[in-house]
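Morning, everyone. I have one structure to show today, and I'll keep it short. Please look at the screen.

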Amino acid sequence: MIESILNAVEQLNASGSILILFPVFAVGVVASFLPCTYPVLPLTIGYIGNQSEGKTWRAFLLSLALVIGLAAVYAVVGIALALAGSQFGALWANGFVVYVIATFFVLMALFLLDVFTFQTPAFLQRLQGDHGKGYLGAFLTGGVSGLVVGPCTGPVVGVVMG
């Protein structure tokens, strides 16, 4: 059964049909149910619930802005990786780059354990004011959510992009 589904998707892709968007959408929906996307749900529900002021139409528009922010992050990352091509693979082959990223992860883990703290940059403090509300705030929240769930949905998105 799985083999027949894969053959059908390959035929849709080879034909250049717009119908390929349906299985891609289905894969995206399945990816949204992966367990590592669950921590983002309270952030999303809390933000939209707080900003919508009980208005269903406003909640819908805020949700739309959030999804557009999330999609924008994936689009920018996809374009950057497509433009980088084989240079991205060569970059990862460099041991120094891997050590820098591993050091960053260790520092963030120590930050989460309250071993050290740092002051929030001024431009982020401004976003927490009036600019962090409304549709721009929802767009930015979606972008951050895209970065947070990226390691979880990245493999699925990578296969679809490939």
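This is a predicted model: local features need pLDDT of at least 70, side-chain atom pairs count only at pLDDT 80 or more; totals for chains, interfaces and linings use all residues.

Start with the patch. Which residues form the nonpolar patch on the surface? They are W57, F60, L64, I68, L136, F139 and L140. Together they have about 690 Å² of accessible area. Two elements each give two or more residues to it: α4, residues 56–84, and α8, residues 134–161. Which of them gives the largest share? That is α4, with 4 residues.

Let's take some of the patch members in turn. L64 is in helix α4. L64 has a relative accessible area of 40%, so it is partly exposed. F60 comes out at 46%, which again means partly exposed. W57 is exposed, because its relative accessible area is 62% and the cut-off for exposed is over 50%.

Now stay with W57 and F60. Both lie in helix α4. They are 3 residues apart, about one turn of the helix. Why stacked? Because planes under 30 degrees apart count as stacked.

How many aromatic pairs does the structure hold? The count is 2. F105 is at 55%, so it counts as exposed.

One more ring to look at. Find R58 and Y135 on your screen. The charged end of R58 sits over the ring of Y135. The distance to the ring centre is 5.3 Å.

Last stop: I5. Where is it? I5 is found in helix α1, which covers residues 2–15. Its relative accessible area is 45%, so I5 is partly exposed. Now find P23. Along the chain, I5 and P23 are 18 residues apart. Their C-alpha atoms are separated by 9.6 Å.

To recap the patch: α4 and α8 each give two or more residues to it.

Note on methods:
Residues are numbered from 1 along each chain as its sequence is written. Side-chain values use heavy atoms; hydrogens and water are left out. Patches are made of residues with over 30% relative accessible area and no salt bridge: like charges are joined within 9 Å, nonpolar side chains (Val, Leu, Ile, Met, Phe, Trp, Tyr) within 5 Å. Accessible areas come from the Shrake-Rupley method with a 1.4 Å probe; for residues, only the protein chains shown count as cover. A salt bridge is a side-chain nitrogen of Lys or Arg within 4 Å of a carboxyl oxygen of Asp or Glu. Buried means under 20% relative accessible area, exposed over 50%, partly exposed in between (1.4 Å probe, protein chains only). Rings of Phe, Tyr and Trp (its six-membered ring) pair if their centres lie within 6.5 Å; planes under 30 degrees apart count as stacked, over 60 as edge-to-face and the rest as tilted. A charge sits over a ring if NZ of Lys or CZ of Arg is within 6 Å of the ring centre and within 35 degrees of the ring normal.
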